[in-house]
Amino acid sequence: MKLGLNIVANGAHAAGWRMPGARVDAAMDIRFWKRMAQEAERARFHFMFWADGIAVRHSAKDDEELAYNARIDVFEPLTVIGALASVTERLGFVASASTTYNEPYHIARKFASLDYVTEGRIGWNVVTSWSEQEAYNFGRDAHMEHGLRYRRAEEFVDVVLGLWDSWEDDAFLRDKKSGMWFDYDKMHILRHKGKHFTVRGPLNVARSPQGRPVVAQAGSSDTGMELAARTADMVFTAQTTIKEGQEFCNDMRSRVTKYGRGPEDIRIFPGIMPIVGRTETEAHEKYLELRSLVDDGVGIAGVARLAGGVDIHALDPDGPLPPLKPSNAARARQEMIIAMGKRGMTIREIGRVLAMSQAHRVVYGTPKQLADDMQAWLEQGACDGFNLLFPHYPKPLEEWVTMVVPELQRRGLFRTEYEGKTFRENLGVPIPQNVHLRNRTSVQVPAAAASND
Ligand SMILES: Cc1cc2nc3c(=O)[nH]c(=O)nc-3n(C[C@H](O)[C@H](O)[C@H](O)COP(=O)(O)O)c2cc1C
């Protein structure tokens with residue numbers, strides 16, 4: 001079982017910071033996150049995942065509600081990971097970075113550099129950004145349309161992968177005798193000219209310790225899954241039943257094979273929010289307390305963000321969810337709330353689910369019950385592991401480490417030591433061969449690389 005720690009500001013629950021013992025000033029405290037990263041490494045987590053948006057994200061009408069939302073002030077992920085890498089040795093790191101509000105050269109360079117800084121422990125979560133507010137920070141008055149965002153993302157990822165193959169592994173000679181710095185034949189200039197980007201290359205970073213950083217993808221719409229199947233090593237999802245998890249895994253693995261990759265080349269991580277107690281009653285009480293802390297305004301604003309233009313704020317919160325037009329924000333997430341509406345949940349109730357765990361599955365129970373649940377998902381082919389979302393910090397993570405990890409280890413489900421040094425080794429995904437070497441043995445070349453020297 002592979003485990004990631006999904007960091008969202010002070011905690012993944014919008015009001016978890018109000019729980020007794022929760023740190024309220026965690027989000028911007030680097031010493032605190034250093035301690036959490038070390039704790040995660042001691043527990044043998046595979047990775048720490050820093051989600052991100054490039055704005056204070058909210059729906060158009062909820063400025064006031066923001067005052068009740070704790071996910072506002074957050075570190076920029078690459079910056080914080082640079083610091084966390086220096087106090088850890090085996091823990092992997094994944095950072096979200098947007099293909100809609102970045103340029104591919106920047107992203108290729110930053111992640112390749114971080115692959116060196118972390119000594120082979122970095123991954124890029126490719127996101128197309130879902131929030132309208134990000135557009136307003138980048139000279140636009142509307143968020144790019146969903147389909148266009150993914151078309152741009154396809155080309156963006158190709159360019160980044162192409163840039164990461166700018167240099168063959170042994171391109172840099174640094175030969176004092178001849179004075180030759182690198183072998184010209186082992187440099188590959190991308191010369192990419194596409195619909196969205198023109199990028200000459202090469203990258204000014206040598207091929208990095210993992211060959212290239214791990215690539216993650218988190219969109220579950222059809223276009224999101226295609227992008228993942230073609231380019232990603234790992235996928236973050238949010239299914240809530242074993243059956244949905246199995247369907248997603250089967251679908252994703254069959255898409256992967258279309259692109260000449262093996263089904264084991266991709267690792268699938270549904271998110272869960274675990275709430276652990278020494279007894280089931282204790283865990284249930286914590287769950288109820290967390291649920292009672294949700295501010296309804298924050299929850300309803302969450303529904304509004306996914307409403308595809310329907311004015312949710314104008315409706316009775318205790319009424320049903322109306323039919324929604326396709327969301328320009330997050331398609332798969334919108335389908336989840338539509339399904340909740342069909343099950344008879346009101347707008348207020350759906351909002352509470354969103355605010356509580358961002359619609360990820362919430363599981364409460366004893367260490368044994370949590371381990372049973374996760375074991376069932378794993379053994380029934382519904383995932384390769386889990387992205388854990390803790391409602392606040394530090395207590396739920398500490399309880400997880402002391403109470404649940406030993407139970408998983410006792411069952412032989414979770415490792416007691418890191419298998420390797422790099423994130424790829426620990427994740428069990430291969431180092432992709434440099435496309436130009438592959439080219440020499442005349443195997444197929446991805447689109448962006450086709451225009452290389
Ligand atoms: C576990 C998880 C983590 C995500 N992290 C981010 C993130 O950090 N930043 C972001 O903009 N979107 C994030 N997303 C959203 C997705 O990247 C994607 O935009 C969203 O799911 C909509 O994609 P879809 O329309 O293909 O479903 C995340 C989604 C999931 C399931």
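Modeller: A polar contact is a pair of N or O atoms within 3.5 Å; within protein, one must be able to donate a hydrogen and the other to accept it, and residues adjacent in sequence count only if both atoms are side-chain atoms. This is a predicted model, in which local features need pLDDT of at least 70, side-chain atom pairs count only at pLDDT 80 or more, and totals for chains, interfaces and linings use all residues. Residues are numbered from 1 along each chain as its sequence is written, and side-chain values use heavy atoms, with hydrogens and water left out.

Colleague: Which polar side-chain atom lies 2.6 Å from an oxygen atom of the ligand?

Modeller: That atom belongs to H146. The side chain of Y150 also places an N or O atom 2.7 Å from a ligand oxygen, while S220 has a backbone N or O atom 3.4 Å from an oxygen of the ligand. Of the 620 Å² that the ligand exposes when taken alone, the protein buries 94% (Shrake-Rupley method, 1.4 Å probe).

Colleague: How many residues surround the ligand?

Modeller: A residue is near a molecule if one of its heavy atoms lies within 4 Å of it. Here 22 residues surround the ligand, and D52, S96, H146, Y150 and S221 are the closest. Helices (H or I, at least four residues) and strands (E, at least two) are DSSP runs, numbered from the N terminus. At least two shell residues come from each of β4 (122–127), α5 (146–164) and α10 (331–342); the largest share, three residues, is that of α10.

Colleague: Where is R191 found?

Modeller: R191 is in the loop between β6 (180–182) and β7 (192–193), and its phi is positive, near 45 degrees.

Colleague: What is the mean pLDDT of the protein?

Modeller: pLDDT is the predictor's confidence in each residue, from 0 to 100. The mean is 93, and 96% of the residues reach 70 or more. Over residues 443–453, however, pLDDT stays under 50. Where pLDDT is low, the predicted coordinates should not be read in detail.

Definitions and conventions
Contact means heavy atoms within 4.5 Å.
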